[in-house]
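Have a look at the structure first, then read on.

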Amino acid sequence: MANLLSPNDLEQLSRAMASGRKISLTRTLNDFTITASTTRAVPVWACEMLVRLEQTHGHVYSSQYFCSVEEMKNYL
């Protein structure tokens, strides 16, 4: 699967996490869709905010949470 998030998108996600804002960015190319969103973390996480990465490729769907945009970038 590809990374459809631009450096500007990643910066926007980082700024949202730093300020505690919830945002969602969706990018689509053919039958591949990637959505990255920020949300407040529940106490079991070792961070205040999370970034959720959702990927859909045809009928295959995956979702993962990360404590930082940098951690998500390494996953991509």
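Glu48 touches Thr39, Arg40 and Ala41, leaving out residues up to four places away in sequence; contact here means heavy atoms within 4.5 Å. You'll find Glu48 in the loop between E2 and E3. At 64% relative accessibility, Glu48 counts as exposed, where exposed means over 50% relative accessible area, buried under 20%, and partly exposed in between (1.4 Å probe, protein chains only).

A quick word on what you're looking at. This is a predicted model, so local features need pLDDT of at least 70 and side-chain atom pairs count only at pLDDT 80 or more, while totals for chains, interfaces and linings use all residues. Residues are numbered from 1 along each chain as its sequence is written, and side-chain values use heavy atoms, with hydrogens and water left out. pLDDT is the predictor's confidence in each residue, from 0 to 100. The protein chain averages 94, and 97% of the residues score at least 70. Confidence is lowest in H2, at a mean of 93, and highest in E4, at 97.

**The sheet**

Helices (H or I, at least four residues) and strands (E, at least two) are DSSP runs, numbered from the N terminus. Four strands make an open sheet in the order E1-E2-E3-E4, with antiparallel pairing; two strands pair if DSSP finds at least two bridges between them. Strand E1 (24-29) and strand E4 (60-66) stand at the edges with a single partner strand each, so one side of each is left without a neighbour in the sheet. On average, neighbouring strands are turned by 10 degrees against each other, direction ignored. For angles, axes are lines fitted to C-alpha atoms, for helices over the stretch in contact, and the values run from 0 to 180 degrees between N-to-C directions.

E3 and E4 run antiparallel and are joined by seven bridges. Gln55 has Ser62 in E4 as its bridge partner. His57 also belongs to strand E3, and is partly exposed at 38% relative accessible area. His57 and Leu5 are 52 residues apart along the chain, and their C-alpha atoms are separated by 15 Å.

Over in strand E2 sits Ser37. Is Ser37 buried or exposed? Ser37 is buried, with a relative accessible area of 14%. Beyond its neighbours within four places in sequence, Ser37 is in contact with Ile23, Ser24, Leu50, Val51 and Arg52.

H1 lies across E1, E2 and E3, and runs at about 145 degrees to E3. The largest nonpolar core has 16 residues, and Leu5, Leu10, Leu13, Ala36, Val51, Val69 and Met72 touch the most other members. Helix H1 (7-19), strand E2 (32-40), strand E3 (49-57) and helix H2 (69-75) each supply at least two residues of this core, and H1 gives the most, with four. A nonpolar core is a set of buried Ala, Val, Leu, Ile, Met, Phe, Trp, Tyr and Cys residues joined through side-chain atoms within 4.5 Å. In soluble globular proteins, nonpolar side chains tend to be buried together.

Which residues does Leu13 contact, leaving aside its neighbours within four places in sequence? The list is Leu5, Ile23, Leu25, Ala36, Thr38, Val51, Val69 and Met72.

**Salt bridges**

The structure holds four salt bridges, each being a side-chain nitrogen of Lys or Arg within 4 Å of a carboxyl oxygen of Asp or Glu. The table includes some of them.

| Side-chain pair | N to O distance |
|---|---|
| Arg27 and Asp9 | 2.8 Å |
| Arg15 and Glu11 | 3.5 Å |
| Lys73 and Glu70 | 3.5 Å |

Asp9 is buried at 5% relative accessible area, whereas Arg27 is partly exposed at 29%.

Arg15 and Glu11 both lie in helix H1, four residues apart, about one turn of the helix. Arg15 is partly exposed at 44%, and Glu11 is partly exposed at 41%. Lys73 and Glu70 are three residues apart in helix H2, so about one helical turn separates them. Lys73 is partly exposed at 38%, and Glu70 is partly exposed at 46%.
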